[in-house]
Amino acid sequence: MIDYSEENKILQVEHLKQYFNIGKPNEVRAVDDITFDVYRGETFGLVGESGSGKTTTGRAIIHLYEPTSGKIVFDGQDVSKLNSKKQKQTFRRDMQMIFQDPYASLNPRMKVKDIVAEGIDINHLAKDDADRSKQVEDLLETVGLNKDHSSRYPHEFSGGQRQRIGIARALAVQPQFIIADEPISALDVSIQAQVVNLLKKLQRERNLTYLFIAHDLSMVKYISDRIGVMHYGRMLEIASSDEIYAHPLHDYTASLLSAVPVPDPEYERARVQIPYDASQEFDGKERSLVEIVPHHWVRASEDEIPMYQKRAQEDSRLKQ
Amino acid sequence: MADNAKQTSADDFTPIAGADRAKLDDEKIATPSLTFLQDSWRRLRKNKAAMIALVILIILFILAFFSFLFETHNPNATNPNFANLPPKIPGIDINGFNGTIDQSGQRVNAYAQAHAGNHFYILGTDYLGRDLFSRILYGTRISLEIALIASFFDLAFGVVYGITSGWIGGRVDTLMQRIIEIMLSIPNLVVMVLLILVLKPGMTAIILSIAITSWINMARLVRAQTLELKNQEFILAARTLGESSWKIAFKHLLPNLSSVIIINLMFTIPTAIFFEAFLSYIGIGISAPQASLGTLINDGQKNFQFLPYQMWYPAIVLSVLMIAFNILGDGLRDALDPKSRE
Amino acid sequence: MENEKDVLEVRNLKINFNTYAGTVQAIRDVSFDLRKGETLAIVGESGSGKTVTTRSIMGLNSPNAVIDSGTIMFKGQDLLKKSRKQMDQIRGRDIAEIFQDPMTSLDPTMKIGKQIAEPLIIHKGMKREKAYAQALEMMKLVGIENAEQRINNYPHQFSGGMRQRIVIAIALVNYPEILIADEPTTALDVTIQAQILDLMKELQAKTNTSIIFITHDLGVVAGMADRVAVMYAGKIVEYGTVDEIFYNPKHPYTWGLLNSMPTMDTSGTELPSIPGTPPDLLDPPVGDAFAARNKYALKIDTEKQPPFFKVSDTHYAATWLLDKRAPKVTPPEPIIERQKHYAELVHQEINKSKGNHVEEQEEQL
């Protein structure tokens, strides 16, 4: 079980903002003041539709973009700005990323062996060429590929296999924390299950922590311990995955859940999608994340808190 | 789909044993492994026109750079007695290649006239009695040298400038682009003329002129492609791994830019070749007595009415050279384009 | 399914592709029917052949495709034998297709009114005013607000979901008999997807168009399809009504597909998944192509391809497990749950047909 004590936080994101083209007419506020924590050993699912800012959040945390403002604390250190070379190097070993597009995330001109060994080479983790080859072979085996795949090129592999190569690449530097940016969205359904199982296995074996970014709600619930729902750059709701699905408090979350198709014809015949009016987010009220019931936060203004509390109570009354 | 039930036995319906299962490779890749370049070469081979162009260029290269093996005479040796002789190839008796010329309606053996019976000038001589064939070889060599020099600048300046501008982006990129635009706005010809004020007309001036202007297109194309590649996930992955910008440029950007670079090179070259020929033609490039395809065309032009071969042959060689590079460039563009793979 | 008439009959379709590495057997014997007014879902992974099948119906395969054998009968004629010109007339008028990416399906330089009116002008020879009037009607039908103004907008002025609605409008404006939808909602957000799928169902009810719906998302299939065909490695491995496929599947591949999609109730450490990857059709394996990944595989699966075994009048599966001689196999837990539910459904059907008689009896008890 996950230890949710204060000391066990591996990542703390505070008031993160990522704006593009600041001051210009085409300014985009991709991430607009979000705050959340991730605990060691858990999988935090970050859910949202296109334009929600979830991918930008992941990229800002790992410093692919320089955050516009906000504080990021990782493993006890403030990494909001990476200053020294040493700090950068440690950070880039402890935190890694798996990408969405299996066709664009591997260099088409490099052999699989060199792709996977890139992290090993940068950090000088191999004693010699033989050691390097062995490490690559072990990594490929860990992700379920054969060692003779190492001399082939990315275009010879299927999407699922490429994604596994990407995972091997991330694992090569022995990270603690992996941001998985929609790693299964581009894969077939049966292959998605393979990759998800692999990720869970690796998490158990290597005590990894994941930030799992996705828009597929059924898969996110399965893999995540806790879920954060984003919309238009803001964090609307955070709770455990069971809670979110059983008792969604925010209207958007409820609408999102009602739209998810389920492989059950009877359920589908009866399903009614709950519509959501997004304008309620832009009425100018001051809002922040409020803990409505223990471990369940909702973005609310002062006057909305009672409404959400009532909602939480109602649901639990229904449960009884 | 129909099956002969008689041929199957009850035994066939047992589940597969572990050993047999291991033989079924569920991750097998059947196609042979081709690198990107091997695959592109295969595609290029299918393009007949491009292959012919390639062969022609190889032949011309060999002829030009190993001209000492093929030269029949010294290209600069004048021999006023043998001026304006028509082509004479030993053993061939077609009008135009048998040493005869049409003088006021009559076929005359020009070699006999000039008492040059023992000599063979396979493409004839010019107005100073110099062997046209040897001079064309020499001129071709100059053109191809220009080609190599232009390539060098393309690669040394153009690619580096483009990658730097594209990768760094922001203000640096804007500044670098503005500089290029200023350089582009000055016509090559004007640059050349200004250089001649300082230097003598000749190879040095031409090389400098090319050095200043010919690589700009390459820089722009490479920059555009770099901007596109910069946001590709495999580059992002390299950055998250902590790869330095230098390494990213060499390991990741360059190999993926190679298509653009090779193709553009194939088009820069004919432009440069023509530039030199043109300058030499109008007299501010390579100057006489040195042979350049441009000066040869100029010389030949003077006698075009009566001795058309003097202009035709250098003109044909120049045209073939340029067309071949263009066709090869076209073929390479199709072969190297990853989107049209089947 | 009111109308039992067949709109499309595909029989023993075999399609190969000539590539530099050899001949790829993309479709290795596919047969199915499409009935009037129904939605047939073709489900399969990438490389299963679902897109090639529909491309063959539309005559849109790439030049290196070779029709090895088979027929596609539409209105009594074999589409495979038609010339390009004849297919040009059929496409857009009798059979229409919508694709996955709404961004690239529309011409960015043409106003959408013109794009919707175009099929009417081309196929029905309508005059411009009449075509535009009908285009406007179609826009309202697909739920585009302010249609009168927006008819003059360009595609980039619409969101992804709106663009897909325009694509649907273009496809349905001639009220075609068949609509082929190739993963039309895969690129859309889940809330937009739900709207588009509801729209398609609405329109189908109005126009009585038959829909072939290609997808790999079983949730979407459950909501849209009347009948389902599951494809693997260029063949159909199971087909039946949507209830039969979801609640009483018989093919191990279908089991694997259904299990690998987590539902709201799924929990546990491992999501059952199908190991390995689909076979390379350059060199298809002897016997059942699924054998290498099938933990229920029998020895005969490595030798002979299984024929279709009948499960019911509407339900067939191509697996040796259904042969009389095959050992009885216990499907995975979740499948057993589904089958229990199926038994209930069947029970309900029987009761319904018995009518009030049973109700009265129960009241008395």
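The model is predicted; local features need pLDDT of at least 70, side-chain atom pairs count only at pLDDT 80 or more, and totals for chains, interfaces and linings use all residues. Residues are numbered from 1 along each chain as its sequence is written, while chains are lettered from A and ligands numbered from 1 in the order in which they are written.

In chain A, four strands make up an open sheet with antiparallel pairing, in the order S2-S1-S4-S5. Strand S2 (28–39) and strand S5 (77–78) of chain A are at the edges with a single partner strand each, so one side of each has no neighbour in the sheet. Helices (H or I, at least four residues) and strands (E, at least two) are DSSP runs, numbered from the N terminus; two strands pair if DSSP finds at least two bridges between them. Strand S1 (residues 9–20) of chain A is joined to S2(A) by nine bridges, and the two run antiparallel. A:Val13 has A:Phe36 of S2(A) opposite to it.

For chain C, UniProt gives the feature "domain: ABC transporter" (unreviewed entry) at residues 10–258. UniProt positions are in the numbering used here, feature names are shortened, and annotations may be inferred rather than shown by experiment. Residues 10–258 of chain C are 41% helix and 28% strand, with the end C-alpha atoms 26 Å apart.

Chain C also meets chain A: 32 residues of chain C are in contact (C-beta atoms, placed from the backbone, within 7 Å) with 33 residues of chain A. On the side of chain C that touches chain A, H9(C) gives the most, with five residues.

The largest nonpolar core has 256 residues, and those touching the most other members are A:Val116, A:Phe212, C:Ile116, C:Ala169, C:Val228 and C:Val230. A nonpolar core is a set of buried Ala, Val, Leu, Ile, Met, Phe, Trp, Tyr and Cys residues joined through C-beta atoms within 7 Å; buried means that 20 or more other C-beta atoms, placed from the backbone, lie within 10 Å of the residue's own.

Chain B is divided into domain 1 (57–74 + 128–336) and domain 2 (86–120), with bounds from an automatic or database domain assignment. Their centres, taken over C-alpha atoms, are 39 Å apart. Among the residues that UniProt lists for "transmembrane region" (unreviewed entry) in chain B are 261–284 and 311–332. Residues 311–332 of chain B are 100% helix and 0% strand, with end C-alpha atoms 32 Å apart.

Terms used. Contact = placed C-beta atoms within 7 Å. Buried ≥ 20, exposed ≤ 12 C-beta atoms within 10 Å, placed from the backbone.
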